[in-house]
Amino acid sequence: MAKSQLEQALTRLDDAARYLDLDADVLEKLKYPRETTKMRLMVRMDDGSRKSFMAWRCRYDDTRGPTKGGIRFHPEATMDEVETLAFWMTFKCAVMNLPYGGGKGAVQVDPHALSKAELERLSRAYIQAFANVIGPDRDIPAPDVYTNAMIMGWMADEYANIVGKSSPAVITGKPIALGGSLGREDATARGGFYLLRHLERDLGVAPGSTVAIQGFGNAGTHMARLVADVGYRVVAVSDSRVTLYRREGLDVDAVLAAKAGGSLAALAGRDGVEALPPEAIVGVDCDVLVPAAMEDLINAANAGEVKARVIVELANGPVTPEADEILFRKNVVVLPDILANAGGVTVSYYEWVQNRQGFYWTVSEIHQRLRANMETEGRAIWNLAKEKNISVRSAAYVHALKRLAEAIEAHGTQSYFAS
């Protein structure tokens, strides 16, 4: 029987545990979600009918602080996926040394099939259902796939209505006018960009190296702009419908304009731009491949096609464990999701801190803090990988697990109570 997504993710925990002297209590606590709540949301549609949507919120582990994680609206969302994402968030927050545990939420819905008014009612219904689960000191949601700042603003407003007071720290990723943080919009890509720049010499890449970006949503578009601005050559980008490829490099401004116009494919055939199938992005000839969309892009079936020397995971879980083994044998360096895309949760943490203190930082202060965080943790993980001769992903999990173990063991373990 095939393993569930969470069971696959837990193999990372087992792998990391081999490099640490852990009390049994640590693994017992981390191999199960602490709390998963399942609710059916009833929403009044524009035609007067009522429609129900399945929704979840998982608080995986709160040993190091309140849980933190996004809410996605997606037609294929499942509880298994939500719990897996919350597991990854637990380790991501520990990697970045944030005082958080991991959480995640989802609604099984195609948001593109809803009107704007229906989308607002759905967003508020989610908070009505989960108001007792979330809270600024318990569980702090944020945007994820197909959710955005406006949706977070609706959710924060609904929570304030329920508790009877303004509580901006309950949700991050809000509009700036509603207590959001400067620098949050491009934080996921910027964190990965800072990590790439910091490790350039170690990775053997530099401005002039070629980049391919899979997924051209928020993270992908910002990454394209950031790397192009310092001289990297973006040779391919893709969305769910097409891969655009030009060996000499794409005009990033033109690609962004095509995306804003609704169709990357509109550029195909112009100035030597080729249109390839969306899945072709995996095998594009490039130095750096940036998966920036959904899970399981690179798997056992296509990992052998990867020509990139470096993979920067801006998506969550884009490389399966089986593919990881293949890539490691091919000497492809994977900068893993729990490190490479941690810029988003890190700036969400800054937003939470600013909301709580009522004092807001400039965008340059945000960027400076984010860069320092990414470089500090990135360097520690890189050195650990070299010291133990393991993959960067394994090193990231060891780095995070050590912090989680210290927090769990601080409450007392079997050996303490047995003595």
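This is a predicted model: local features need pLDDT of at least 70, side-chain atom pairs count only at pLDDT 80 or more; totals for chains, interfaces and linings use all residues.
Student: OK, so what does that give for H13, residues 363-388?
Tutor: With 26 residues at 1.5 Å a residue, helix H13 should span 38 Å, and its end C-alpha atoms are 37 Å apart, which agrees.

Student: Which residues of H13 are buried?
Tutor: The buried ones are Ile 366, His 367, Leu 370, Met 374, Glu 377, Gly 378, Ile 381, Trp 382, Leu 384 and Ala 385.

Student: And what follows H13?
Tutor: Asn 389 follows H13, in the loop between H13 and H14, and this residue has a positive phi of about 55° although it is not a glycine.

Student: Is Asn 389 buried or exposed?
Tutor: Asn 389 is exposed, with a relative accessible area of 63%. Asn 331 also has a positive phi, near 65°; it sits in the loop between helix H10 (321-329) and strand E12 (333-335), and its relative accessibility of 65% makes it count as exposed.

Student: Switching to H12, residues 343-357: how many of its 15 residues are buried?
Tutor: Twelve of the 15 are buried, so H12 is largely enclosed by the rest of the structure. Among the buried residues are Tyr 350, Glu 351 and Trp 352.

Student: What do the buried residues of H12 pack against?
Tutor: They pack against strand E3 (67-74), H3, strand E5 (139-143), helix H6 (187-198) and H13. Just after H12 comes Gly 358, which takes a positive phi of about 70°.

Student: You mentioned H3; at roughly what angle does H3 cross H14?
Tutor: The axes of H3 (residues 79-95) and H14 (residues 392-409) come within 8 Å and cross at roughly 85°, and the two helices are therefore roughly perpendicular to each other. The contact is made by residues including Phe 87, Phe 91 and Val 95 of H3 and Tyr 397, Arg 403 and Leu 404 of H14. By class, this contact has ten nonpolar, two polar and one charged residues.

Student: Which residues touch the most other members of the largest nonpolar core?
Tutor: In that core of 94 residues, they are Phe 87, Phe 91, Met 223, Val 237, Val 312 and Leu 335. Leaving aside residues up to four places away in sequence, Phe 87 touches Leu 6, Ala 9, Leu 10, Leu 13, Leu 30, Tyr 60 and Tyr 397. There is also a second, separate core of 25 residues, which includes Met 45, Phe 53, Ala 55 and Val 133.

Terms used. Residues are numbered from 1 along each chain as its sequence is written. Side-chain values use heavy atoms; hydrogens and water are left out. Axes are lines fitted to C-alpha atoms, for helices over the stretch in contact, and angles run from 0 to 180 degrees between N-to-C directions. Helices (H or I, at least four residues) and strands (E, at least two) are DSSP runs, numbered from the N terminus. Angles under 35 degrees count as roughly parallel, over 145 as roughly antiparallel, 65 to 115 as roughly perpendicular and the rest as oblique. Contact means heavy atoms within 4.5 Å. Ala, Val, Leu, Ile, Met, Phe, Trp, Tyr, Cys and Pro count as nonpolar, Asp, Glu, Lys and Arg as charged, and the others, Gly among them, as polar. The expected span of a helix is 1.5 Å times one less than its number of residues. Buried means under 20% relative accessible area, exposed over 50%, partly exposed in between (1.4 Å probe, protein chains only). A nonpolar core is a set of buried Ala, Val, Leu, Ile, Met, Phe, Trp, Tyr and Cys residues joined through side-chain atoms within 4.5 Å.
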